[in-house]
Amino acid sequence: MMAETERVYTIPLREVKKAPRWKRSKRAVYEVKKYLAKHMKTPIEDVKIATDLNEAIWARGAEKPPARVRVKAAKFDDGGGEAEVAGERSR
C-alpha cells in the first residue's frame, strides 16, 4: 500500500493525568489513536500504532507515560493509518 499522506505530529498527552495512575500508559495509547483519528480523518479502529511507539509510551511503566510524543503518521489509500516514533530531536 502506498501512503497517501505522511506527517509528523507532536501529540500532547496532558489528558492522561485525569486517568488513575495505574491506567495512564493505557490511556496514553488511546489518546494517541484518538488524536491521529481526528487529524487524519479516519475511524479510530483503523489507526494502528507501531511497536516502537507503544514501547516508547510504556518505557517508564504504566504510571508515568511521557508528557508528549512525536510521531510520524501515514494515511493509506484505503483509509487506514499507521504511526511510528519520529526521529529523535537534536538539541
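**Entry 1: Thr10**

I looked up the contacts of Thr10 and found Tyr35, Arg68, Val69 and Arg70, not counting residues up to four places away in sequence. Contact here means heavy atoms within 4.5 Å. I am working on a predicted model, in which local features need pLDDT of at least 70, side-chain atom pairs count only at pLDDT 80 or more, and totals for chains, interfaces and linings use all residues. Residues are numbered from 1 along each chain as its sequence is written, and side-chain values use heavy atoms, with hydrogens and water left out.

I placed Thr10 in strand β1. Helices (H or I, at least four residues) and strands (E, at least two) are DSSP runs, numbered from the N terminus. Thr10 has a relative accessible area of 35%, so I list it as partly exposed. The cut-offs are under 20% relative accessible area for buried, over 50% for exposed and in between for partly exposed, with a 1.4 Å probe and protein chains only. I also took the C-alpha to C-alpha distance from Thr10 to Asp52: 16 Å, for 42 residues of sequence separation.

Leaving out residues up to four places away in sequence, Ile11 touches Val32, Tyr35, Leu36, Ala67, Arg68, Val69 and Val71.

I then looked up the largest nonpolar core and found 18 residues in it. Such a core is a set of buried Ala, Val, Leu, Ile, Met, Phe, Trp, Tyr and Cys residues joined through side-chain atoms within 4.5 Å. Ile11 is among those with the most contacts inside this core, along with Tyr9, Leu13, Val32, Leu36, Leu53 and Val71. Two or more residues each come from β1 (3-12), α1, β2 (47-49), α2 and β3 (68-76). I noted that α1 gives the most, six residues. As background, nonpolar side chains in soluble globular proteins tend to be buried together.

**Entry 2: α1 against α2**

Two packed helices are described by the angle between their axes and the distance between the axes. For α1 (residues 24-40) and α2 (residues 51-58) I noted an angle of about 140 degrees and axes 9 Å apart. The axes are lines fitted to C-alpha atoms, for helices over the stretch in contact, and angles run from 0 to 180 degrees between N-to-C directions.

Which residues of α1 and α2 meet? From α1 I listed Ser25, Lys26, Ala28, Val29 and Val32, and from α2 Leu53, Asn54, Ile57 and Trp58. The residues of this contact divide into six nonpolar, two polar and one charged. Ala, Val, Leu, Ile, Met, Phe, Trp, Tyr, Cys and Pro count as nonpolar, Asp, Glu, Lys and Arg as charged, and the others, Gly among them, as polar.

Is Ser25 buried or exposed? I found 0% relative accessibility, so Ser25 counts as buried. Ser25 is in helix α1. Its contacts, again without residues up to four places away in sequence, are Ile57, Trp58, Gly61, Ala62 and Pro65.

Lys26, also in helix α1, is exposed at a relative accessible area of 59%. I put its C-alpha atom 20 Å from that of Tyr9, 17 residues away along the chain.

Ala56 is in helix α2 and is partly exposed, at 36%. I found its C-alpha atom 10.0 Å from that of Ser25, 31 residues away along the chain. Ala56 touches Pro66 and Val85, with residues up to four places away in sequence not counted.

I looked up Lys41 in the loop between α1 and β2. Its phi is near 55 degrees, a positive value in a residue other than glycine. Lys41 is exposed, with a relative accessible area of 70%.

Last, I turned to Ala86, in the segment after β4 (81-85). Ala86 is buried, at 11% relative accessible area. I listed Val8, Arg70, Val71 and Lys72 as its contacts, not counting residues up to four places away in sequence.
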